[in-house]
Structures are given as structure tokens and as C-alpha cells.
Amino acid sequence: ARKCVLSGLWKNELGSNMTISAVNTDGGFTGLYHTAVTATDKHIRVSPLKGSQKPTNQRKQLTFGFTVSWTFSNSMTVFVGQCFMDDKGKETLKTMWLLREEVSSPGDDWKATRVGTNIFTRIK
Ligand SMILES: O=C(CCCC[C@@H]1SC[C@@H]2NC(=O)N[C@@H]21)NCCc1cc([N+](=O)[O-])ccc1O
């Protein structure tokens with residue numbers, strides 16, 4: 001495809017993988033996220049993701065965002081990023097994320113959000 005398509009199976013440099021369903025006409029999509037890492041001692045389980053992408057009629061390297069509501073911890077991550085395609089048609093999703101954990105009091109709010117980057121490539 002000469003344009004990035006988000007649907008399919010992706011992995012990032014941490015070893016996490018995600019499956020994105022078909023993108024519907026208004027750019028919405030859902031999927032499943034299996035993180036390879038966690039900041040808790042909880043057992044990792046597959047978690048749902050919901051997101052949206054900008055329409056690709058004008059551009060081929062689309063921007064998107066999605067939210068993962070972790071099923072095994074009281075925390076949430078939002079990812080934002082863009083799909084880039086090289087001249088061989090290889091797609092890369094370059095993203096930044098915010099991970100919000102639940103803290104017990106407003107006084108702990110300052111330490112509740114982590115930030116980072118992830119790069120996703122397709123799993124054939
Ligand atoms: O670990 C998780 C959910 C999985 C996050 C995986 C991230 S999402 C970005 C990055 N990319 C990727 O693929 N995986 C990682 N939440 C922990 C929050 C938390 C921490 C503590 N604590 O540290 O004490 C206590 C209670 C808590 O709820």
C-alpha cells in the first residue's frame with residue numbers, strides 16, 4: 001500500500017504487541033494491547049485500546065492517537081504518533097505516550113504521570 005494503514009499487528013522495541021482492528025469511516029478504531037513490561041508486580045493481561053486517526057485522503061503519513069485502559073492495574077496510557085512509510089513501503093509508527101497511575105492523594109499527583117516514546121513496526 002502506498003499509504004500507511006493502521007489495522008494489523010504491530011510490535012514495539014519493548015517487545016509489546018498490539019492488534020488494531022479495521023479503521024471505520026470516521027477514523028475510529030479499536031484493538032488489543034499486550035504490554036511486555038509493567039511498573040507493577042501485577043500479572044500482565046491483554047488490555048483494550050480505542051483510538052482515532054486523521055483521514056488519509058489528503059495525506060499518506062497519517063497521525064493518530066489511542067488510549068489503553070490497563071485491565072490489570074488502575075492506570076491508563078495515551079499514545080499519540082504518526083505513521084511513516086519508507087521508499088520500500090515499510091511502515092513505522094513513531095509515538096509518544098503518557099502513563100497515568102492512580103495515586104492515593106492529590107499530594108502525590110506530581111508523581112503520577114510518566115512519559116516516553118515507542119516505535120512500532122509491523123509483525124508479518
Ligand atoms: O504498568 C502499568 C500498565 C502497563 C504500562 C505499560 C507501558 S505503556 C507505555 C510503555 N509502552 C509499552 O508497550 N509498555 C509501557 N501501569 C503501572 C502504573 C502503576 C505503577 C505503580 N508503581 O510504579 O508503583 C503502582 C501502581 C500503578 O498502577
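Modeller: Start with a term: a polar contact is a pair of N or O atoms within 3.5 Å. Keep in mind that this model is predicted.

Biologist: Okay. How far is the side chain of serine 16 from the ligand's oxygen atom?

Modeller: An N or O atom in the serine 16 side chain sits 2.7 Å from an oxygen atom of the ligand.

Biologist: What about arginine 114 and the ligand?

Modeller: The arginine 114 side chain has an N or O atom 2.9 Å from a ligand oxygen atom.

Biologist: And which ligand atom does serine 75 face?

Modeller: A nitrogen atom. A polar atom in the side chain of serine 75 lies 2.9 Å from that nitrogen.

Biologist: How much of the ligand does the protein cover?

Modeller: The protein covers 84%. That is out of the 640 Å² of accessible area that the ligand has on its own.

Biologist: Which pocket is the ligand's space?

Modeller: The largest pocket.

Biologist: Which elements give two or more residues to the shell around the ligand?

Modeller: Strand S6 (75–85), strand S7 (91–101) and strand S8 (113–122). The largest share comes from S7, with three residues.

Biologist: How many residues surround the ligand, and which are the closest?

Modeller: There are 20. The closest are Ser16, Tyr33, Thr38, Ala39 and Asn118.

Biologist: How does that shell split by class?

Modeller: Ten residues are polar, eight are nonpolar and two are charged.

Biologist: New topic. How many helices and strands are in the chain?

Modeller: Zero helices and eight strands. Along the sequence, the pattern reads β-β-β-β-β-β-β-β.

Biologist: Why call the chain as compact as a globular protein of that length?

Modeller: Look at the radius of gyration, which is 15 Å. The globule rule gives 14 Å for 124 residues. The two values are close, so the chain is as compact as a globular protein of that length.

Biologist: What does the C-alpha trace span along its principal axes?

Modeller: About 50 × 25 × 25 Å.

Terms used:
Residues numbered from 1 in each chain as written. Predicted model: local features only at pLDDT ≥ 70, side-chain atom pairs only at ≥ 80, totals over all residues. Heavy atoms only, no water. Near = heavy atom within 4 Å. Polar contact = N/O pair within 3.5 Å; in protein donor to acceptor, adjacent residues only side chain to side chain. Areas by Shrake-Rupley, 256 points an atom, 1.4 Å probe, with all protein chains shown as cover. 1 Å grid on protein atoms, 1.4 Å probe; cavity = no way out; pocket = protein on both sides within 12 Å on 5 of 7 lines; lining within 4 Å. Sits in = over half its atoms within 2 Å of the grid points. Helix = DSSP H or I, 4+ residues; strand = E, 2+ residues; numbered from the N terminus. Nonpolar A, V, L, I, M, F, W, Y, C, P; charged D, E, K, R; others polar. Rg over C-alpha atoms; globule rule 2.2 N^0.38 Å.
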